[in-house]
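Here is a short report on one protein chain.

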Amino acid sequence: QVQVQESGGGLVQAGGSLRLSCVGVGPSVNKLNMGWFRQAPGKEREFVAAITYFSDDTYSSDSMKTRFIISRDSARDTTYLYMNNLQPEDTAVYYCNVGLDMNTRQGGYWGQGTQVTVSS
């Protein structure tokens, strides 16, 4: 069982930046892919970005890849999502996933989510 904990959400003005963090705790976390998803009110959860465990290859949503960057720390149990030039439409609960399949973007363990609110 892997436990996932996100942090770093909050209220920011449009054009601002935030860094989200996600720590995975459990067996072989350093051998699991990690990723971020988000869910806005009234919408389905959508993929944001992911990073592989073995090569740190990153994959990002086309609509966000110019503003959002995912990375992983050297211990390989923490992933970060750097979000720049945030806009009101980025308001959502951001969820971290540890262990997702990179092809299907499914599976893995979910955190409770962290709220990001962007004011205009």
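## Order of elements

From the N terminus on, the elements of the protein chain run β-β-β-β-β-β-β-β-β-β-β. The count is eleven strands and zero helices. The model is predicted.

## Overall dimensions

The C-alpha trace of the protein chain spans about 40 × 25 × 25 Å along its principal axes. The radius of gyration is 13 Å. A compact globule with 120 residues would have a value near 14 Å, so the chain agrees with that expectation.

Of the 120 residues, 42% count as buried. Contacts reach across the sequence: among those between residues at least 6 apart, 56% join residues at least 24 apart.

## The four-stranded sheet

Four strands form an open sheet, with antiparallel pairing. Their order is β1-β3-β8-β7. The edges are β1 (3–7) and β7. Each edge strand has a single partner strand, so one side of each is left without a neighbour in the sheet. From one strand to the next, the twist averages 15°.

## The nonpolar core

In soluble globular proteins, nonpolar side chains tend to be buried together. Here, the largest nonpolar core has 25 residues. Those with the most contacts inside it are W36, V48, F68, L81, M83, Y94 and V98.

The largest share, four residues, comes from β9.

## The disulfide

How many disulfides does the structure hold? It holds one. The bond joins C22 to C96, with an S to S distance of 1.9 Å. The torsion about the S-S bond is about -80°, so the disulfide is left-handed.

The pair links distant parts of the chain. C22 lies in strand β3 (residues 18–25), and C96 lies in strand β9 (residues 92–98). The two cysteines are 74 residues apart.

Are these cysteines buried or exposed? The cut-off for buried is under 20% relative accessible area. C22 has a relative accessible area of 0%, so C22 is buried. C96 is buried too, with a relative accessible area of 0%.

Terms used: Residues are numbered from 1 along each chain as its sequence is written. This is a predicted model: local features need pLDDT of at least 70, side-chain atom pairs count only at pLDDT 80 or more; totals for chains, interfaces and linings use all residues. Side-chain values use heavy atoms; hydrogens and water are left out. A disulfide is a pair of cysteine sulfur atoms within 2.5 Å. Buried means under 20% relative accessible area, exposed over 50%, partly exposed in between (1.4 Å probe, protein chains only). A nonpolar core is a set of buried Ala, Val, Leu, Ile, Met, Phe, Trp, Tyr and Cys residues joined through side-chain atoms within 4.5 Å. Two strands pair if DSSP finds at least two bridges between them. Axes are lines fitted to C-alpha atoms, for helices over the stretch in contact, and angles run from 0 to 180 degrees between N-to-C directions. The radius of gyration is taken over C-alpha atoms; the globule rule is 2.2 Å times the number of residues to the power 0.38. Contact means heavy atoms within 4.5 Å.
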